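Have the model open and try each task before reading on.

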Amino acid sequence: MQGAILDWYAAVRRDLPWRRTRDPYAILVSEVMLQQTQVARVVGRYEAWLERWPSAAALARATPAAVLREWVGLGYNRRALWLREACAIVARDGWPQTAAELVRLPGVGPYTAAAVASFAFGEQVAAVDTNVRRVAARLGRGEPAELLPAGRAGDFNQALMELGATVCRARAAACAECPAAGWCASRDMVAAPPRAGARKRERFEDSNRWVRGRIVSALAAGQGMPAGIAPERLEPALAGLVRDGLVRRTAAGLSLG
Ligand code: SF4
């Protein structure tokens, strides 16, 4: 089964810039960007980021305000500051080589730590995101870590993620196209759930996160507070940004970082 999944992945894998490198810094940048933003939008931003800050040491020397400005539009600004803080630690102490050590860096959770450890350092560790968890559960052949083929953890992690994102999807499993169908306990048994009762999704524009993003974008552009948003929405969002250390209130006004 593992061989069939790896062969399938080799045939369908998209040629993305972070898949052409084993540089842990470049991989960490891509993983953090991909947490909130779609692949197609990340590619250009990732390349611009690496051109500006090609190494962990370079990013560690950047100011928080510069990092936040470069991050505008990539969601959850705190992640950009954590990335910079993580790089400051790496610049001082060197790269942690295992997922168990990487997870101690600011903003690096178990999934990201395992992704960097397996893609960059070849560690035999499963990178378990929601797609991988779902595919492994449907296969019914053990935990993701038990499925890893020897010496191919990085490729296999990528393959399972791709399988979950494109074939064995949450609502619809395309079992006829699946390389693991011959070994799968759930083949042709995944029914699409009824959609009628599905909870209506909150519009992004109604969320606090959207207001926070607008404030950061406006400050990054030197425009002060954004226009057209009610004060009762602006104030709590601004208070949250100040509390999180993303925006500073000074006598001269508001500034990033
Ligand atoms: S056979 Fe179907 S349910 Fe099983 S892993 Fe493949 S797509 Fe998913």
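Two residues count as in contact if their C-beta atoms, placed from the backbone, lie within 7 Å. Keep in mind that this is a predicted model.

**Exercise 1. Getting your bearings**

Task: Work out what share of the chain's contacts between residues at least 6 apart in sequence join residues at least 24 apart.

Solution: Start with the inventory: the chain has 13 helices and 2 strands. Its C-alpha trace spans about 65 × 50 × 30 Å along the principal axes. Next, burial: of the 257 residues, 33% are buried. Now take the contacts between residues at least 6 apart in sequence; 58% of them join residues at least 24 apart.

**Exercise 2. H5 against H6**

Task: Decide how helix H5 (residues 64-71) and helix H6 (residues 77-93) are oriented to each other, and find which residues make the contact.

Solution: First, get the geometry. The two axes come within 9 Å and cross at roughly 130°. Second, classify the angle: roughly perpendicular stops at 115 degrees and roughly antiparallel needs over 145, so H5 and H6 are oblique to each other. Third, check the hand: H5 passes H6 in a right-handed crossing. Fourth, pick out the residues. H5 brings Pro64, Val67, Leu68 and Trp71, while H6 brings Asn77, Ala80, Leu81 and Arg84. Sorted by class, that contact has 6 nonpolar, 1 polar and 1 charged residues.

**Exercise 3. H9 against H11**

Solution: On the H9 side you'll find Asn131, Val132, Arg134 and Val135; they meet Leu160, Met161, Leu163, Gly164 and Ala165 of H11. The classes here come out as 6 nonpolar, 2 polar and 1 charged.

**Exercise 4. A closer look at H11**

Task: Check the span of H11 against its residue count, then ask what covers its buried residues.

Solution: On to burial: 10 of the 14 residues are buried, so H11 is mostly covered. Among them are Ala153, Phe156, Leu160 and Leu163. The cover includes helix H1 (2-12), helix H8 (110-121), H9 and helix H10 (144-147).

Conventions. Residues numbered from 1 in each chain as written. Predicted model: local features only at pLDDT ≥ 70, side-chain atom pairs only at ≥ 80, totals over all residues. Axes fitted to C-alpha atoms, helices over the stretch in contact; angles between N-to-C directions. Helix = DSSP H or I, 4+ residues; strand = E, 2+ residues; numbered from the N terminus. Parallel < 35°, antiparallel > 145°, perpendicular 65-115°, else oblique. Left-handed = near helix turned anticlockwise from the far one by under 90°. Nonpolar A, V, L, I, M, F, W, Y, C, P; charged D, E, K, R; others polar. Expected span 1.5 Å × (residues − 1). Buried ≥ 20, exposed ≤ 12 C-beta atoms within 10 Å, placed from the backbone.
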